Amino acid sequence: MDYTFHFEVLENYWTWLAKGLWITVYISIISMFFALIIGLIISICRLSKIKVLVIFSQSYIEIFRGIPLFVFIIWLYYGLAMVSGINFEPVTAGIICLSMQHGGYLAEIYRAGIQAVSRGQWEASFSLGFSIINTFARIIFPQAVKIIIPPTANMFIGLFKDSALVSIIGVNELMRQSQIATSLTFRPFEFYTVTAIIYIVLTLFLSQLAKLLELKMSNN
Amino acid sequence: MDKNIITVDKVKKYFSEILVLNDVSLKIQRSNVVVICGPSGCGKSTLLRCINGLEGLNSGDIIINDKSILDKNKLRAIRLELGMVFQQFNLFPHKTVLENIILSPIINLGINKDEAIANGRKLLERVGILQKENDFPSSLSGGQQQRVAIARGLAMQPKIMMFDEPTSALDPEMIKEVLDVMIELAHDGMTMIVVTHEMGFAKEVADKIVMMDEGSIIEESEPKEFFGNPKNNRTKLFLSKILN
């Protein structure tokens, strides 16, 4: 191996990478926020007794389970824009794709959590005169949350890593910044190694956080 | 006003293809205690669940305090008049004992919180577990949980209390503490429908005992008659099994 490492080139690019990291974090958090809402809506549809809503939610889940995120991003940003004339900002397009796909995953997590609450809880609540909305909001969902939180935290880690894919449509997040820096310096190994390490460190941090949450949940 | 607070009229109920209630008719008067018994699978629990609308009917009607269970707009009003106690207690595990009791009166009856708490404490005292008001249900014994469940039902000031095998999930030594609460309630004049195998309880407080088998009521009589001179052979067989 006659490659000479030049990690010192990174020195001029730290703020450049930091800016990318900030956008990665920003996109991840916003996308997660919307994914949580989408997931809740889809799971409620899935568990409802209204046939149209059930079919809609099932289709949603199957479509987004089946479509690779990479394909979805390109389809939305280039394909759909061509047909509909809607030109999303790259960041907006990225957030839409991430939140819609992960909303589908979350819907299944929610569904499992809600179904894990015993039927007797619904019945006791109905018998006391609670409406279906109050039953869900006050009795069922608070119990389901305990079951939902650990897998949701893990899913957020997945979303955080998936966000690297939006570099393909020119969002200046961490991966994209790293690519640009590479093309300017011809130092792919150095930049991509550091980028990978940043992802790993943050993922480690998040998974520790998830573990802590899980521990707290099981103690309650 | 009808002297019957509950009228079950020719109710049929299927679970998919299986007929679980076959033309069941039953009248229950105010302040009466009606005990429903019968072998498992006879439809006794289903009948209770039909009365408070947890199960729909395939045909027939149930009138509760002049309101039909078939009227979807009245379902909640009916449920507010019916207290229900389940075999598995079904307390809300994420709420304390007191919160379990006051939540519904506050939300569904619009009672203010202080009043609901005062009322809830009175009920907890009545069922003998005031000292546990800030505990979570999981730290209570089965008998204690069931007494909380009874207090939770009573907090809604229902006109009728229904019990679906309230002691079947309890250890033997805890059965009495729950039955004692129920007996006291009966003596206070509460209208009660109790699905149970506790024949001692039935003898002591029931005004009427209803025997069900295979989805039908096969015998309906006062305790003296029911235990002393049962007419139906299946009742005799059931009694011989359960009393020995």
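B:Ser45 counts as partly exposed, because its relative accessibility is 21%, and partly exposed residues lie between the limits of under 20% for buried and over 50% for exposed. The model is a predicted one.

*B:Ser45*

- B:Ser45 is placed in helix α1 of chain B.
- Apart from neighbours within four places in sequence, B:Ser45 is in contact with B:Asp164, B:Glu165 and B:Val195.
- Between B:Ser45 and B:Asp171 there are 126 residues of separation in sequence, and their C-alpha atoms are 21 Å apart in space.

*B:Lys67*

- B:Lys67 has its place in strand β5 of chain B, which covers residues 67-68.
- The relative accessibility of B:Lys67 is 16%, so B:Lys67 counts as buried.
- When neighbours within four places in sequence are left aside, the contacts of B:Lys67 are B:Ile62, B:Lys74, B:Ala77, B:Ile78 and B:Glu81.

**Helix α2 of chain A**

- Helix α2 of chain A comprises 16 residues, numbered 51-66. From its first C-alpha to its last, helix α2(A) reaches 22 Å, which is close to the 22 Å expected at 1.5 Å a residue.
- The buried residues of α2(A) are A:Val54, A:Ser57, A:Tyr60, A:Ile61 and A:Phe64.
- These buried residues line one face of the helix, because they fall within an arc of 130° when α2(A) is seen down its axis.
- The exposed residues A:Lys51, A:Val52, A:Ile63 and A:Gly66 are on the other side of α2(A).
- The partners against which the buried residues of α2(A) pack are α1 (14-47), α3 (69-84) and α4 (90-115) of chain A.

**The largest pocket**

- The largest pocket holds about 1,100 Å³ of space.
- Its lining consists of 27 residues, and those nearest the centre of the pocket are A:Leu47, A:Lys49, A:Trp122, A:Phe126 and A:Ile132.
- Both chains take part in this lining: α1, α4, α5 (119-127) and α6 (132-162) of chain A, and α1 (44-51) and α2 (75-81) of chain B, each supply at least two residues.
- Helix α5(A) gives the largest share of the lining, with 4 residues.
- Sorted by class, the lining of the largest pocket contains 15 nonpolar, 4 polar and 8 charged residues.

Methods:
Residues are numbered from 1 along each chain as its sequence is written. Chains are lettered from A and ligands numbered from 1 in the order in which they are written. This is a predicted model: local features need pLDDT of at least 70, side-chain atom pairs count only at pLDDT 80 or more; totals for chains, interfaces and linings use all residues. Side-chain values use heavy atoms; hydrogens and water are left out. The expected span of a helix is 1.5 Å times one less than its number of residues. Buried means under 20% relative accessible area, exposed over 50%, partly exposed in between (1.4 Å probe, protein chains only). The arc is that of the directions from the helix axis to the C-beta atoms. Contact means heavy atoms within 4.5 Å. On a 1 Å grid over the protein atoms alone, a cavity is a set of points where a 1.4 Å probe fits but cannot get out, and a pocket is an open set with protein on both sides within 12 Å along at least five of seven lines; lining residues have an atom within 4 Å of a point. Grid points are joined across faces, edges and corners, and a volume is the space filled by probe spheres set on the points. Ala, Val, Leu, Ile, Met, Phe, Trp, Tyr, Cys and Pro count as nonpolar, Asp, Glu, Lys and Arg as charged, and the others, Gly among them, as polar.
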